[in-house]
Amino acid sequence: TLDVDKILQRVVVEAAKAIGCESTAIFMREDNVWTASYLYGFPQEFTGRGFSGDEVRAVELVAETGILFVSNDAYNDAMHD
């Protein structure tokens, strides 16, 4: 397929399977908001939800630095500057 939405949704699913994680996400930045655009393992109602940089600090840091961030417990990890 050449449908970008289908491709990116497949990417989050296959990435999770490949590295053995429970959830993955691709966030897209629009203005000052990070939108949860493609999700795997998260509640469906998160799709399309906007987050501030403070709410998704790991996403913000990866975008700023280009350095991969891996968390063993993303729900409970505290991100510090």
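1. The chain holds two helices and three strands, where helices (H or I, at least four residues) and strands (E, at least two) are DSSP runs numbered from the N terminus. Read from the N terminus on, the elements follow the order α-β-β-β-α. The radius of gyration is 13 Å, close to the 12 Å that the globule rule gives for 81 residues, so the chain is as compact as a globular protein of that length; the radius is taken over C-alpha atoms, and the rule is 2.2 Å times the number of residues to the power 0.38.

2. A word on the basis of these values: this is a predicted model, in which local features need pLDDT of at least 70 and side-chain atom pairs count only at pLDDT 80 or more, while totals for chains, interfaces and linings use all residues. Residues are numbered from 1 along each chain as its sequence is written, and side-chain values use heavy atoms, with hydrogens and water left out.

3. For the chain as a whole, the C-alpha trace spans about 40 × 30 × 25 Å along its principal axes. Of the 81 residues, 20% count as buried, a term that means under 20% relative accessible area, with exposed meaning over 50% and partly exposed in between (1.4 Å probe, protein chains only). Among contacts (heavy atoms within 4.5 Å) between residues at least 6 apart in sequence, 21% join residues at least 24 apart.

4. Thr 24 is found in strand S1, which covers residues 24-30, and is buried, with a relative accessible area of 13%. Its side chain reaches the backbone oxygen of Val 12 at 2.6 Å. Leaving aside neighbours within four places in sequence, the residues in contact with Thr 24 include Val 12, Val 13, Tyr 38 and Phe 42.

5. Glu 60 lies in helix H2 (residues 57-65) and is likewise a buried residue, its relative accessible area being 12%. When neighbours within four places in sequence are set aside, Glu 60 is in contact with Arg 29, Trp 34 and Gly 53.

6. Ser 52 has its place in the loop between strand S3 (50-51) and H2, and at 29% relative accessibility this residue counts as partly exposed. Not counting residues up to four places away in sequence, Ser 52 touches Asn 32 and Trp 34. The C-alpha atoms of Ser 52 and Asn 32 are separated by 6.9 Å, although the two residues stand 20 residues apart along the chain.

Terms used:
Polar contact = N/O pair within 3.5 Å; in protein donor to acceptor, adjacent residues only side chain to side chain.
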